Amino acid sequence: MERDQLIAENLNKILDNINEGIHVVNEVGKTIIYNKKMSELEGMDKDIVLGKKIDEVFPSLNEENSTLLLTLKNKEIIKIFY
């Protein structure tokens, strides 16, 4: 197994076993990390969300009401605690 792949798999295992929802998108709004807790909080299947843009999966979200898209637009971190 390649080193980078092993690191990615271990990171995913760690993120899936914490009690915080994590949803990370890249610079174009495509989901690159979506952990088990976030899947439970949002009621979405991880396989449906990963690799897709936020507005494809959540059509009601836009730059005005999505913290992830607002972060991309304004280049400022927004932390949400439930």
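Which residues does serine 66 touch, not counting residues up to four places away in sequence? Serine 66 touches Ile54 and Leu61, where contact means heavy atoms within 4.5 Å. The structure is a predicted model, in which local features need pLDDT of at least 70 and side-chain atom pairs count only at pLDDT 80 or more, while totals for chains, interfaces and linings use all residues. Residues are numbered from 1 along each chain as its sequence is written, and side-chain values use heavy atoms, with hydrogens and water left out.

**Overall architecture**

- The chain contains five helices and two strands; helices (H or I, at least four residues) and strands (E, at least two) are DSSP runs, numbered from the N terminus.
- Read from the N terminus, the order of the elements is α-β-β-α-α-α-α.
- The C-alpha trace spans about 40 × 25 × 25 Å along its principal axes.
- Of the 82 residues in the chain, 21% are buried; buried means under 20% relative accessible area, exposed over 50%, and partly exposed in between, with a 1.4 Å probe and protein chains only.
- Among contacts in the chain with a separation of 6 or more, 19% join residues 24 or more positions apart.

**The nonpolar core**

- In soluble globular proteins, nonpolar side chains tend to be buried together.
- The largest nonpolar core has eight residues: Val25, Tyr34, Met38, Val49, Ile54, Val57, Phe58 and Leu69.
- A nonpolar core is a set of buried Ala, Val, Leu, Ile, Met, Phe, Trp, Tyr and Cys residues joined through side-chain atoms within 4.5 Å.
- Methionine 38, a member of this core, touches Gly21, Ile22 and His23 when residues up to four places away in sequence are not counted.

- Serine 66 is placed in the loop between α4 and α5, and it counts as buried because its relative accessibility is 4%.
- The side chain of serine 66 reaches the backbone nitrogen of leucine 69 at 3.2 Å.
- Histidine 23 belongs to strand β1 and counts as buried because its relative accessibility is 11%.
- A polar contact of 2.8 Å joins the side chains of histidine 23 and threonine 31.
- A polar contact is a pair of N or O atoms within 3.5 Å; within protein, one must be able to donate a hydrogen and the other to accept it, and residues adjacent in sequence count only if both atoms are side-chain atoms.
- Not counting residues up to four places away in sequence, histidine 23 touches several residues, including Tyr34, Met38, Val49, Ile54 and Phe58.

- Aspartate 16 lies in helix α1, which covers residues 3-16, and it counts as partly exposed because its relative accessibility is 23%.
- Leaving aside neighbours within four places in sequence, aspartate 16 is in contact with Asn35, Lys36 and Lys46.
- With lysine 46, the contact is polar and runs from side chain to side chain at 2.8 Å.
- Lysine 79 lies in the segment after α5 and counts as exposed because its relative accessibility is 64%.
- Lysine 79 and histidine 23 are 56 residues apart in sequence, and their C-alpha atoms are 11 Å apart in space.

**The pockets**

- On a 1 Å grid over the protein atoms alone, a pocket is an open set of points where a 1.4 Å probe fits, with protein on both sides within 12 Å along at least five of seven lines; lining residues have an atom within 4 Å of a point.
- The largest pocket has a volume of about 790 Å³, a volume being the space filled by probe spheres set on the grid points, which are joined across faces, edges and corners.
- Of the 26 residues lining the largest pocket, Gly21, His23, Met38, Thr67 and Ile80 lie nearest its centre.
- The elements giving two or more residues to this lining are β1 (23-25), α2 (36-42) and α5 (67-74).
- The lining of the largest pocket has 15 nonpolar, seven polar and four charged residues; Ala, Val, Leu, Ile, Met, Phe, Trp, Tyr, Cys and Pro count as nonpolar, Asp, Glu, Lys and Arg as charged, and the others, Gly among them, as polar.
- The second largest pocket holds about 160 Å³ of space, and its lining residues include Val28, Lys53, Ile54 and Leu69.
- α5 gives the most to the lining of the second largest pocket, with three residues.
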